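Q: I have a two-part question about reading a structure like this one: where do I start, and what do I make of each value?

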Amino acid sequence: MQALYAQLLVGLINGSFYALLSLGLAVIFGMLNIINFAHGALYMMGAFVAYFLLNLGGINYWWALLLAPIIVGIFGMILERTMLQWLTGLDHLYGLLLTFGIALIVQGVFQNYFGSSGLPYAIPDQLKGGMNLGFMFLPIYRGWVVVFSLVVCLATWFLIEKTQLGAYLRAATENPTLVRAFGINVPRMITLTYGLGVGLAALAGVLSAPINQVRPLMGADLIIVVFAVVVIGGMGSIMGSIITGFALGVIEGLTKYFYPEASNTVVFVLMVLVLLVKPTGLTGRAA
Amino acid sequence: MKTRSIASLLLTTALTFAAAGVASAQDKTVKIGALSDQSGLYADLGGPGSTLAAQMAVEDSGLVAKGWKIDIISGDHQNKPDIGTAIARQWFDVDKVDVIVDVPNSGVALAVNNVIKEKNGVYINSGAATSDLTNAQCSPNTVHWTYDTYMLAHTTGQALVKAGGDSWFFLTADYAFGAALERDTTAVVTANGGKIVGGVKHPLNTPDFSSFLLQAQASKAKIIGLANAGGDTTNTIKQAAEFGIVKGGQKLAALLLFLTDVKAIGLETAQGLNFTETFYWDMDDKTRAFSKRFSAKMKNSAPPTMVQAGVYAGVRHYLKALEALGGNPHDGVKIVEKMKSMPTEDDLFGKGEIQPNGRTIHNAYLFEVKKPSESKGPWDFYKLVGTVSGDQAFTPLSESKCALLKK
């Protein structure tokens, strides 16, 4: 039983990354209607920016949490301005192919210069060590990841669902022409939204840098699972993707305990089941 | 008129055949295929560095200056056996490749082994670990150069059991390599009076090991044996530190660890780990000289790993055998027999031999990862703690189940 608690907690930790990443994807899909396959590459860039800040600029983890999402977010906004915006109104497939191509190029460039086995990034001193919870030894850093990502997820949900700005955003996706008639600069808002989604990916990258290796393919390995999370949660649903992210982390954690061989397929089995029963995803509305 | 033209046709045909016969006896063309994981979790320990090693072997052989024409092509098997065999088939059927080198990932390596035997090519495997390549699944076309799971078990594994680590829990990569390494290590542990208290099989290329590490922690085993490699091993070691496993009194046995893995973990976390390799760049003047030339040509200036060194040494020996044969007979079995009949000697692995089952025998070295304070340069990671001679480290022929030995 004790082991089970431990596995639940570990699942929650992994769920934090799924939630942060799928949240960014949901924001981008919900507001821009783009299936952002570059999300994994941008997550990886977040981790690399943290690595560079530390090793080239001596800038620590805490500043990286703030700076990396901004830097990668700006990169994302440049992508949006120069490429993605031309795809408005076209079939989803075009956005998917473009972002997939961008992901391959970005990963290829990083791999060319840094190899595939990764670079070490130490846990910040303040979060080193762990505490004994009785049923498990919880590294403090992992606890921090859960709490911090939960706060960020809820804040994002609040921003989009409960504030004036969020209301403009949602209105702009429904009817951009009408919102523009009210004097709101819709293209700029779309760009900023893409930047926000990308920033969330980069933030997840910084959070994962001390746990995983900072590797060019770290995002490619994760992004497929995250897409499954988004599909299960319902494309474009903010709360849906947060809850599904955490829930799937837990389910995956339990699989690792009861039948580890299936741990990298369980998410996809669930996705198939959900699609069969409810094709719009658990919280999605019919288009 | 008609008779004459038929006669001339026959004459031309005969001449063509004669010319072809002469050409094959003195054929000095060779095509080498470097098949590896070019972008995944094993790409740094093999990958583009292995292709470079093969190129350097060709340059250093001096055969090009003697009129030989040697080409190298490379392929990415993406750690998938079906892709690996498809590339191998195409290389033999279309590209007329003579020899396939490297091939890390035991699953792919065993699959490709069958193709090469069928096509009568030459297989110089450096990257794969499974001892089955020269044991139950041995082939007259195969030379397994650098290391194998039997050697890893009988060096690192044995040393740890003898030092008191008598209860083991395995974290095993769920494919041919992990299974072979767990099997060979289990044999050593039980033979030395230790016991296996449990284990868990994880999928290849797992980013998060915390669930598995918690199970290992709960097992209370003295030794947690890592029957995995590359990115999987680095993630396990790094996350084990996070969960306080080593501080809690359990010891990690990195059964297979490469130079690039230590770089990725960082000395702070990796220090004190014991493991075995058959090559390290900083062994003597010869290895240092080679590594300097090698890293100058690498994009990230990395020195060679033992896998890449094995590709170099294997290709050198292959080319020596061809030179001794006076040309390329394009007959895999014949070339491998020649390779086995000649003692091996090169700057990287020293003196050795290839046994009848295809296993190359050379020294194995027990290393310990240096403390950060002991490291003097960006790749100065290892401290030599012991040397095991080749006949002690690798499968004795009396224990080998290879069918080639029954002749």
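**Reading one residue, then the chains**

A: B:Asn105 has a relative accessible area of 5% and is therefore buried. The model is a predicted one.

Q: Where in chain B does B:Asn105 lie?

A: B:Asn105 sits in the loop that joins strand 3 (99–102) to helix 4 (106–119) of chain B.

Q: Which residues does B:Asn105 touch, not counting residues up to four places away in sequence?

A: With those neighbours set aside, B:Asn105 touches B:Tyr42, B:His77, B:Asn79, B:Gly127, B:Ala128, B:Tyr175 and B:Leu204. For a view of sequence against space, take B:Asn105 and B:Ala229: they are 124 residues apart in sequence and 9.3 Å apart in space, C-alpha to C-alpha.

Q: How should I read a helix in terms of cover?

A: The general idea is that an α-helix has 3.6 residues a turn, so residues three or four places apart point the same way. Now the case: helix 7 (residues 210–218) of chain B is mostly covered, with seven of its nine residues buried.

Q: Which residues of helix 7 of chain B are buried?

A: They are B:Ser210, B:Ser211, B:Phe212, B:Leu213, B:Leu214, B:Gln215 and B:Ala216. Just after helix 7 of chain B comes B:Lys220, which takes a positive phi of about 60°.

Q: How many helices and strands are there in chain B?

A: Chain B has 14 helices and 15 strands. Its C-alpha trace spans about 95 × 40 × 35 Å along the principal axes.

Q: What does the radius of gyration of chain B say?

A: The value is set against that of a compact globule. For 407 residues such a globule would have a radius of gyration near 22 Å, and the 23 Å of chain B agrees with this. Of those 407 residues, 58% count as buried. Among contacts in chain B with a separation of 6 or more, 71% are between residues 24 or more positions apart.

Q: And how do I read the surface and charges of chain B?

A: Chain B exposes about 15400 Å², and carbon and sulfur atoms supply 55% of that area. Its side chains include 41 positive and 40 negative ones, and the centres of the two sets lie 3 Å apart.

Q: How do the elements of chain A run from the N terminus on?

A: The order is α-α-α-α-β-β-α-α-α-α-α-α-α, made up of eleven helices and two strands.

Q: What do the overall values for chain A give?

A: A compact globule of 287 residues would have a radius of gyration near 19 Å, and chain A, with 19 Å, agrees. The C-alpha trace of chain A spans about 60 × 50 × 35 Å along its principal axes. In chain A, 54% of the 287 residues count as buried. Residues 24 or more positions apart make up 78% of the chain A contacts with a separation of 6 or more.

Q: Is A:Ser149 buried or exposed?

A: A:Ser149 counts as buried because its relative accessibility is 0%. A:Ser149 belongs to helix 5 (residues 140–162) of chain A. Leaving aside neighbours within four places in sequence, A:Ser149 is in contact with A:Ser16, A:Leu20, A:Leu207 and A:Phe246.

Q: Where is the place of A:Pro216?

A: A:Pro216 is in the loop between helix 8 (186–208) and helix 9 (218–233) of chain A. At 1% relative accessibility, A:Pro216 counts as buried. Beyond residues up to four places away in sequence, A:Pro216 touches A:Met44, A:Phe48, A:Gln107, A:Phe110, A:Gln111, A:Gly115 and A:Ser116. A:Pro216 and A:Leu87 are 129 residues apart in sequence and 27 Å apart in space, C-alpha to C-alpha.

Q: How do I read the interface between the chains?

A: The size of an interface is often given as the accessible area lost when the parts come together. Between chain A and chain B the buried area is about 2700 Å², of which carbon and sulfur atoms give 48%. On the chain A side, A:Ser117, A:Gln213 and A:Lys256 lose the most area to chain B, together 19% of what that side buries. The contact takes 35 residues from chain A and 31 residues from chain B.

How values were computed
Residues are numbered from 1 along each chain as its sequence is written. Chains are lettered from A and ligands numbered from 1 in the order in which they are written. This is a predicted model: local features need pLDDT of at least 70, side-chain atom pairs count only at pLDDT 80 or more; totals for chains, interfaces and linings use all residues. Side-chain values use heavy atoms; hydrogens and water are left out. Buried means under 20% relative accessible area, exposed over 50%, partly exposed in between (1.4 Å probe, protein chains only). Helices (H or I, at least four residues) and strands (E, at least two) are DSSP runs, numbered from the N terminus. The radius of gyration is taken over C-alpha atoms; the globule rule is 2.2 Å times the number of residues to the power 0.38. Contact means heavy atoms within 4.5 Å. Buried area is the accessible area (1.4 Å probe) that two parts lose on being put together, summed over both. Accessible areas come from the Shrake-Rupley method with a 1.4 Å probe; for residues, only the protein chains shown count as cover. Lys and Arg count as positive and Asp and Glu as negative; His and the chain ends are not counted. The place of a charge is taken as NZ of Lys, CZ of Arg, CG of Asp or CD of Glu.
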